Each structure stands twice: as C-alpha cells, then as structure tokens.
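Subject: Structure handover, aromatic contacts

Hello,

Please find the structure below. My notes on its aromatic rings follow.

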Amino acid sequence: ICLSSLLAKKGKRVTVILLSETQSRDSEYYLEKLEKSVEKFVFSPETEEKAKELLSQSDVAVDCLFGTGFHGSLPENAKKLLSYINIPTVACDLPSGISSDTGEVAAGAHKACKTVTFAAKKPCHFLFPAKDLCGDITVADIGISDEIIKENGVFAEIITEKTVSAFVPERPENSNKGTFGTLLSVCGSENMPGAALLALRGAMSSGVGLCIAKSPEKVKNILCAAVPEAIYGETSRNPSAILVGCGLTKDKEAVMSVIDRGLPTLFDADAINVIAENGDILKKHTAEKIMTPHPAEMARLIGKDVEYIEKHRFEVASSYAKKNNTVLLLKGRYTVIAIPDGRLFVSEDGNSGLSKGGSGDVLSGFIAGLLASGFSAAGAAVCGVFCQGRAAEYLLCEKGVRGFTPTDVAGLLGKFIPDNKK
C-alpha cells in the first residue's frame, strides 16, 4: 500500500487489489493515506473479470498478499488471483504462499522474477523449493540492525572474502614444510580408491606442509603415482590433524583409532556413518573437530529423514554443532556451517557443476589440510567452502557447468585463499 502511493507520486498508474474488506490496523492507516489517483478494490466474484483484465493490461505486478508470517495453505481467492498474473512480478519479502522458515511452498504460489526482501534474507531464500520461486533477490535496508535480527530469529552470516580473511592465519616467509603442519589422511578402500586420491589432491592445494596417506596397499599404489608429494610409508612425523572417512567403508576400528589419538580431526563420509551408528563414540573426541555430512548423512546422525533436514537446515546444523561441540558443515547448494559457540555461516558461492561424485572428497581434503596447517576448525570450514565455490564459478567460465570435474576444482582451491599478510 505504501509502495502504491510512492509509485503514484512518481506518475505511475497504480491499482491496489485487496483480498478482503477487513485489513490490519497498519493497512487501514496507510489505506487512509493512499494517493487519490490510486484505484483500489476487493477481489471477489463480482470483480474477478475486472482483475483479470487489469492484470492482462499491466506491465508489472507487485505481490504483497502475504509475508513472512505465512504458513499452511493459501486461501482460494488468493490462489485464484495469483493464477491470473502472467506478467513480470516483484515479490515483497517473499512470494505469497512460501513459508519463510522452512521453504515449503503452498499450492497456488506464484513465481516472482524478482524479490525485494527487507533488512536481511530469510531462511526460505536459501531453501528449496522456495528459492526457485524467488527470482533475483535484493535486500533493502530499512534501518533494522543486525543486533535486532539476531535477537529475533536465525542469524547466519553470508560468507564473503572479508569473512574468510578474518580466519586466515599469517603465512611467514621464513618457513619450511614443518612450519605448516602435517595431515594424516585415513581414507580409501579397494573399491573406492578415488575418494582417497581426490581428498589428497584437495589437501595438497591447502598449503599444508606434508600429507601422510594411510590406506590399503592397493590404494597406496594408485595414490603414489598420482600424488608423489605425499608420504606413503612409515614416518616418525606426528600429524597436526587427521582426515578420516573418504571412501573408507564403515570401518569402526579405523575411526576409533583416530578418535583415540585426540588430534584435530575432520570426519567425512563413512566416518560419519560409523558415528551415526555408534553415537557415543564422538564424546570421546575432545579436540577440535569438523563434520561434513550431506543431507542423507545428517539424517542418519539425528534419526530424521532427508525432507526434515532440508526444511530445517539452519536449526539442525546449529543444534548438532552445539550439542556435540563440533563444527558442522551441512552440504548443499547453500552450504550451512554451524560453530559450537552459536555462530552460523551460509555460502552463496558455487553452482551445480559441483554436483558430481568426488566434490565432497576434494572439499574435505582441502579443509583438513587447512586445519593441519594452522587454521581453526571454524576458519578451515568457512575458508574451504568459500574457495570451492569460487573455484566452481571460475571453472564455469572456463569449461561450462557440465564440463569441469572435481579434479579441476582441486587444482584451483588454493588460488582463492585470501592473502592475509599481518
């Protein structure tokens, strides 16, 4: 209603279609102040044809029927009115018929070509299927501070280069391989040697000083030829962090041996499945840890289904991270990173070119390498997701969304670590 008056003052021809004669107190207030040139009427059987004709002759529709408080089903008159819109549509905050918190979409919801949301993006702007109906999303500053937002709901920081830079430790010039830590990779099996290989390639892009690969002999033979920089035999060097799980199979003994070492650890893939089946074992690990589940693995960890996970990504990640004192990286188009202290981060970088087998192994290897080289667990996770997303966007231009591989991504990850000279 306020927008109608603003547009009318700029000389635009505006009509307001209401769903009901009864309005909220705020709406009544602004209706009374509506510019005289703005026509308004209530959508009803008597005005239905008028609304159809008006919408067919208009240039743009602005969807303000329902806002962030919507849940459940759209009223029949709202569904009918929205069905008559066949012109470019701008939604205010979110398209009508979308649940702000879960991303659920009610029958009859209308797809916008642009959404202008106020103060900050809402969870639904990162959740599917809601995101598909929002079009391009712009945030309009209306004077609500971050502190107020934090006090009144989920607050996640969108990862930017500035976010990552704050986590990047100094990399001194006067250094050697021992300066930047040693990663022990406990990955791979005879049927999945590629997972161990991709994880190693990711790790080698992180700047870690050394990588030790602990894999079955047949896997080591493959890794030796592909990644000569790693160590494959016995060594007296002590790792500064461990990666466990990529292509491992559900080897409880291997996971327990890692936990017993009490070192900073990244748990991925089959290591997560072992933890899901033996929940108490995670309590024995008191050092820094990172877990990197995809939605199905997350569902196993908490005993829910994937649909539940996808509707509650922020809440699920945050709750698990706090309860288990772990950095929780919940993979997806908009990866969510939850820190035990309550902080939340979400990534907007990347594209569907990452939706290929092996992308997770590369990411875990890279993050584990960062962890071993001196990053905090939170910093390694945030930096890793950022760099993978940026690498995917770079490769999109070079090879197209279908044309690049996880191996391509692995070779580029280090390029996007912000230089943080202190």
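Is F126 buried or exposed? The model is predicted, and in it F126 has a relative accessible area of 6%. Buried means under 20%, so F126 is buried.

The count of aromatic pairs comes to eight. One of them joins F126 to Y334: the arrangement is edge-to-face, with 5.5 Å centre to centre and 80° between the planes. This pair links distant parts of the chain, the two residues being 208 residues apart. F126 sits in the loop between β5 (114-118) and α5 (130-134), and Y334 in the loop between β13 (327-330) and β14 (336-338). Y334 is buried as well, at 8% relative accessible area.

Y334 also pairs with F128. Their ring centres are 6.0 Å apart and their planes are at 20°; planes under 30 degrees apart count as stacked, so this pair is stacked.

Taken as a group, F126, F128, F314 and Y334 are linked into a cluster by ring pairs.

Two arginines lie over ring faces. R333 is over the face of Y334, at 4.5 Å from the ring centre. R171 is over the face of F180, at 3.6 Å from the ring centre.

Regards

Conventions
Residues numbered from 1 in each chain as written. Predicted model: local features only at pLDDT ≥ 70, side-chain atom pairs only at ≥ 80, totals over all residues. Heavy atoms only, no water. Phe/Tyr/Trp six-rings, centres within 6.5 Å; stacked < 30°, edge-to-face > 60°. Helix = DSSP H or I, 4+ residues; strand = E, 2+ residues; numbered from the N terminus. Buried < 20%, exposed > 50% of the residue type's maximum accessible area, 1.4 Å probe, protein only. Lys NZ or Arg CZ within 6 Å of the ring centre and 35° of its normal.
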